[in-house]
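Open the model in your viewer and keep the sequence panel beside it. The stops below are given in the order in which to select them.

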Amino acid sequence: MSTDDKKKAVLANDRFSQEKLPSLDEIRSAIPKECFEKSLTTSIGYMLWDFALMAFLYKIEPVFEIAGYPGMLFWYFLVGMIGFSIFVVGHDCGHGTFSPYKWVNDIFGHVCHGVLFAPYWPWQKTHRIHHTYTSHATKDMGHPWITEDTFSQWGDGQKFYANNVGTSIVREKKDSRSNGLSAETLDLSLSYHVKTKHCT
């Protein structure tokens, strides 16, 4: 079976490439109405719960020290999970789903992102662009997209580097440039993020 035949077979069974997909209204009507209700008290309750868990983990940290490095690695894992929970609350603030009030969303967004050293408004702006151009090869700056053509031209070392989770800390800028994005494109996008006004 040729490569083209394989691609056709995959597309024939791909539910996302079918002609009749549900409309946005059909999807929305299938979701319970209470899922769209914004509750400030519920949101604050979840946020306080996450902060309480984080405080508790810091309080009992000496217990994990007794187990040495394995104990501390497990503690870091737990702190990372709760830190991600706090980030999700800030993420909801950025999307305006924390409460019906924009100013409340902004205050608690700064609180949640601040403790994680992730500035709220710059993140909100770049995240808005990410959602506007989700998975676009050159406009979605949330991820270093690599095309199949580019990937197929790489050697084994580059492929390993791109697919190894351990290199993710240092590879984003390099991969963005090797994706066909010029330095000018990256510089323009960064200056765009800096110059744009606060997203509403």
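This is a predicted model: local features need pLDDT of at least 70, side-chain atom pairs count only at pLDDT 80 or more; totals for chains, interfaces and linings use all residues.

Residues are numbered from 1 along each chain as its sequence is written, and side-chain values use heavy atoms, with hydrogens and water left out.

**Whole chain**

Helices (H or I, at least four residues) and strands (E, at least two) are DSSP runs, numbered from the N terminus. Switch to a surface and the chain exposes about 14,400 Å², with carbon and sulfur atoms supplying 64% of it; accessible areas come from the Shrake-Rupley method with a 1.4 Å probe, and for residues only the protein chains shown count as cover. Of the 200 residues, 24% are buried (under 20% relative accessible area; exposed is over 50%, partly exposed in between, with a 1.4 Å probe and protein chains only).

**Helix 5 and helix 6**

Next, select residues 68-95 for helix 5 and residues 102-114 for helix 6. Their axes lie 8 Å apart and the packing angle is about 155°; axes are lines fitted to C-alpha atoms, for helices over the stretch in contact, and angles run from 0 to 180 degrees between N-to-C directions. That makes the two helices roughly antiparallel (over 145 degrees; under 35 is roughly parallel, 65 to 115 roughly perpendicular, and the rest oblique).

Now show side chains at the contact (heavy atoms within 4.5 Å). Helix 5 contributes I86, F87, V89, G90, H91 and C93, and helix 6 contributes N105, F108, G109, C112 and H113. By class, this contact has 6 nonpolar, 5 polar and no charged residues. Ala, Val, Leu, Ile, Met, Phe, Trp, Tyr, Cys and Pro count as nonpolar, Asp, Glu, Lys and Arg as charged, and the others, Gly among them, as polar.

**F117**

Move to the loop between helix 6 and helix 7 and select F117. Is F117 buried or exposed? F117 is exposed, with a relative accessible area of 77%. Its phi is near 55°, a positive value in a residue other than glycine.

**I129**

Finish in helix 7, residues 120-132, by selecting I129. I129 counts as buried because its relative accessibility is 15%.
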